[in-house]
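Here are some notes for your next look at this model. Please read them with the structure open.

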Amino acid sequence: MKIAITIWGNRISPVFDAAKTLLITEIENGMVINKEYLSFDPHLLQGMINLFKEKNISALVCGAISTRPAETIVEHDIRLFSFVMGNAQNFLDSFTGNNRIEKSFIMPGCEHDSTTLQQAEG
């Protein structure tokens, strides 16, 4: 499974619309087998969607996100996990261990219908 995480320094970017870097992570058998950092422009949504399709990315993990980009991402069959926060490496360590987003990484006051990314495997 490949996921993209918006990055700001060493943290998950608190706001998707201000992010400039994606951490593309390939996970197999509970281990990160490849990581790649790419620059992107969150305002050029079609370019980002094309990148996701080209790299076979099935899910995006990010902080707060505006309605338009969120809808566009979901319309293109990319699983969206928004309102996620924290140190990116700590998040990956936690996630790869159990394929779930722990509640400690979800922004206060935000809840997810599902915090599992297993369905994102394709």
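Predicted model: local features only at pLDDT ≥ 70, side-chain atom pairs only at ≥ 80, totals over all residues.

1. In which sense do strand β1 and strand β3 pair, and over how many bridges? They pair in the antiparallel sense, over six bridges. β1 covers residues 2-8 and β3 covers residues 21-28.

2. One of the pairs to look at is E28, whose bridge partner in β4 is M31. The hairpin of β3 and β4 has two residues between the strands. There, N29 takes a positive phi near 50°.

3. How many salt bridges does the structure hold? It holds one. The partners are E36 and K55, with their closest N and O atoms 3.2 Å apart. This pair links distant parts of the chain: E36 sits in strand β4, K55 in the loop between α1 and β5, and they are 19 residues apart.

4. K55 has 19% relative accessibility and so counts as buried, the cut-off for buried being under 20%.

5. D41 is found between β4 (31-39) and α1 (45-54). A polar atom of the D41 side chain lies 2.8 Å from the backbone nitrogen of H43. D41 has a relative accessible area of 31%, so it is classed as partly exposed. Its C-alpha atom is separated by 16 Å from that of K53, which is 12 residues away along the chain.

6. Helix α3 spans residues 88-98. Which of its residues are buried? They are A88, F91, L92, S94, F95 and T96. An α-helix has 3.6 residues a turn, so residues three or four places apart point the same way. Keep that in mind when you view the helix from its end. The buried residues of α3 pack against β1, β2 (11-12), β3, β4 and β5.

7. What caps the N-terminal end? N87 does: a side-chain oxygen of N87 lies 2.9 Å from the backbone nitrogen of Q89. Just after the helix, N99 takes a positive phi of about 60°.

Terms used. Residues numbered from 1 in each chain as written. Heavy atoms only, no water. Helix = DSSP H or I, 4+ residues; strand = E, 2+ residues; numbered from the N terminus. Buried < 20%, exposed > 50% of the residue type's maximum accessible area, 1.4 Å probe, protein only. Polar contact = N/O pair within 3.5 Å; in protein donor to acceptor, adjacent residues only side chain to side chain. Salt bridge = Lys/Arg side-chain N within 4 Å of Asp/Glu carboxyl O. Pairing = 2+ DSSP bridges. Contact = heavy atoms within 4.5 Å.
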